[in-house]
Amino acid sequence: TVTGVSINSGYTGGTAIITQSRSLTVNGNFGQADGTFTGGLDTIDLNGSLSLTGGTFTSTSGNLQIQTSLTEGASGNFVHNNGTVIHDNASSGDQTWNMNGTNDNFYDLTLNHGYFLYIASGDTFNVLHTLALTNGYLESSGGGSKIAVDVSNANFNNIVIGQNSTAGSIVSWTWSFPGGSS
């Protein structure tokens, strides 16, 4: 467990690669401005935000838990690594994930909180495998932002909506399927 992680611009330590070798809990924010972070198999639990303004962040192939916001700058690169991203915002209120006009892919995504998760204007947010809305709300914040679940992928399993008494919701969504939309 650490208080925070900051990989600053100009980071060139070793070959500029940091590799996760065990579970990691960050009781604050994880910021990356340069270099390469490579996740392993274990959980990464961020009890704050993930800010990726530069470099490459390859997530764990296990669970990446983000309590608050995700911000990706034009020079940042998020790689899903076939892992699950869990937005487990326990008490921080509504959040906006801002990929700064980029197209981000998530393998599995779970929302498990009672708030809105907004996708910033102009961003494309793709879920390639399973979207689970256990609790909370997922919404485009308008202005050309897109939320997509790739049902053409052979590995696509399901969309799970509302598994408990305060069911998850998708607000104003267009469903696109091969050969048309609904």
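A: Strands β10 and β12 pair in the parallel sense over four bridges, where two strands pair if DSSP finds at least two bridges between them. Strands here are DSSP runs of E with at least two residues, while helices are runs of H or I with at least four, both numbered from the N terminus. This is a predicted model, in which local features need pLDDT of at least 70 and side-chain atom pairs count only at pLDDT 80 or more, whereas totals for chains, interfaces and linings use all residues. Residues are numbered from 1 along each chain as its sequence is written, and side-chain values use heavy atoms, with hydrogens and water left out.

Buried means under 20% relative accessible area, exposed means over 50%, and partly exposed is in between, with a 1.4 Å probe and protein chains only. In a regular strand the side chains alternate between the two faces of the sheet.

The loop between β9 and β10 holds N81 and also N82. N81 is not a glycine, yet its phi is positive at about 60°, and N82, likewise a residue other than glycine, has a positive phi near 60°. Most residues other than glycine have a negative phi. N81 counts as partly exposed because its relative accessibility is 27%, and N82 is partly exposed as well, with a relative accessible area of 47%.

N81 is also among the residues touched by T60, together with Q20, G39, G40, L41, D42, I44, H80 and G83, leaving aside residues up to four places away in sequence; contact means heavy atoms within 4.5 Å. T60 sits in the loop between β7 and β8 and counts as buried because its relative accessibility is 0%. A polar atom of the T60 side chain lies 3.1 Å from the backbone oxygen of G40, and a polar atom of that side chain lies 2.9 Å from the backbone nitrogen of G62. A polar contact is a pair of N or O atoms within 3.5 Å; within protein, one must be able to donate a hydrogen and the other to accept it, and residues adjacent in sequence count only if both atoms are side-chain atoms.

For F57, contacts include F30, F37, L50, L64 and F78, not counting residues up to four places away in sequence.

Rings of Phe, Tyr and Trp (its six-membered ring) pair if their centres lie within 6.5 Å, with planes under 30 degrees apart counting as stacked, over 60 as edge-to-face and the rest as tilted. The count by this rule comes to seven aromatic pairs. One of them joins F30 and F57 edge-to-face, at 5.4 Å centre to centre with 80° between the planes. This pair links distant parts of the chain, with F30 in strand β4 (residues 30-32) and F57 in strand β7, 27 residues apart. F30 counts as buried because its relative accessibility is 1%, and F57 counts as buried because its relative accessibility is 1%. F116 and Y118, by contrast, form a stacked pair, with 5.3 Å between the centres and 10° between the planes. F116 counts as partly exposed at 24% relative accessibility, as does Y118 at 22%. Ring pairs also link F30, F37, F57, F78, W97 and F106 into a cluster.
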